[in-house]
Amino acid sequence: MSPEHTIDPVESLGIISDAILRTRENIKQNGYPFLLWGWLVASASFLFFILEKFTLFEYYFFPFPIFAAIGVVATIVFYKKRLMPTTQTYLQYFLSRLWMILGLSFFLTVFVSVQQGLVPFAFTLIIAGIGTLVSGMIMKFRPLIWGGILFFVASIFCVFVANDLKVLVHGIAIVAGYIVPGYLLRGSNSQENQ
């Protein structure tokens with residue numbers, strides 16, 4: 001039997017820090033999901049608003065299911081082709097599972113809300129806030145932290161605006177909470193590579 005190698009606290013912290021940095025770098029390389037879903041959901045929100053407010057089109061809600069289907073397919077293809085590492089850190093594993101569960105929660109929340117005759121936008125902003133804030137805190141990336149907080153504030157704001165304006169608040173929050181941090185995340189990676 002060989003003697004066990006004990007790791008001193010400093011070495012242990014170094015290993016943990018290295019794992020966090022690698023996870024952060026892997027996620028930074030992939031501001032893609034925030035940008036993909038940000039553009040799809042914001043576009044769906046603004047199209048919904050325009051179609052409902054300025055046209056007689058009866059299926060003004062169609063942008064959401066159409067863009068969501070595009071997003072699911074694009075996300076699956078992206079991760080299968082480019083990002084499925086043979087090994088994952090615990091943080092990568094955690095974040096991937098977090099967003100998988102939150103994605104399911106988005107769909108269930110919309111389904112339940114529609115069945116109950118409720119406008120789902122305040123609820124979906126809360127779910128987006130949870131994922132974005134947790135991701136930002138784990139990656140120690142302030143724009144995502146602020147984006148998550150913004151989603152919570154926007155969800156409260158949705159309670160006090162008219163139903164036909166909730167989707168507009170939703171779209172604006174998505175731009176500020178997903179798209180802006182997504183570009184900053186992608187930009188921070190390119191700056192570090194220079």
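This is a predicted model: local features need pLDDT of at least 70, side-chain atom pairs count only at pLDDT 80 or more; totals for chains, interfaces and linings use all residues.
Local features were taken at pLDDT of at least 70 and side-chain atom pairs only at pLDDT 80 or more, while totals for chains, interfaces and linings use all residues. Residues are numbered from 1 along each chain as its sequence is written, and side-chain values rest on heavy atoms, with hydrogens and water left out.

The protein has seven helices and zero strands, counted as DSSP runs (H or I, at least four residues, for helices; E, at least two, for strands) and numbered from the N terminus. Of its 194 residues, 36% are buried, that is, under 20% relative accessible area with a 1.4 Å probe and protein chains only; exposed means over 50%, and partly exposed sits in between. Among contacts (heavy atoms within 4.5 Å) with a separation of 6 or more, 70% link residues 24 or more positions apart.

Helix α6 runs over residues 142-160, and its 19 residues should span 27 Å at 1.5 Å a residue; the end C-alpha atoms sit 28 Å apart, which agrees. The expected figure is 1.5 Å times one less than the number of residues. Buried in α6 are Leu144, Gly147, Gly148, Phe151, Ala154, Ser155 and Cys158. Seen down the axis, these fall within an arc of 120 degrees, so they line one face of the helix; the arc is taken from the directions from the axis to the C-beta atoms. The face turned away from the buried side carries exposed residues, including Trp146 and Phe160.

As for Leu91, it lies in helix α4 (residues 90-115) and is partly exposed, at 24% relative accessible area. Its C-alpha atom is separated by 9.7 Å from that of Ser135, 44 residues apart along the chain.
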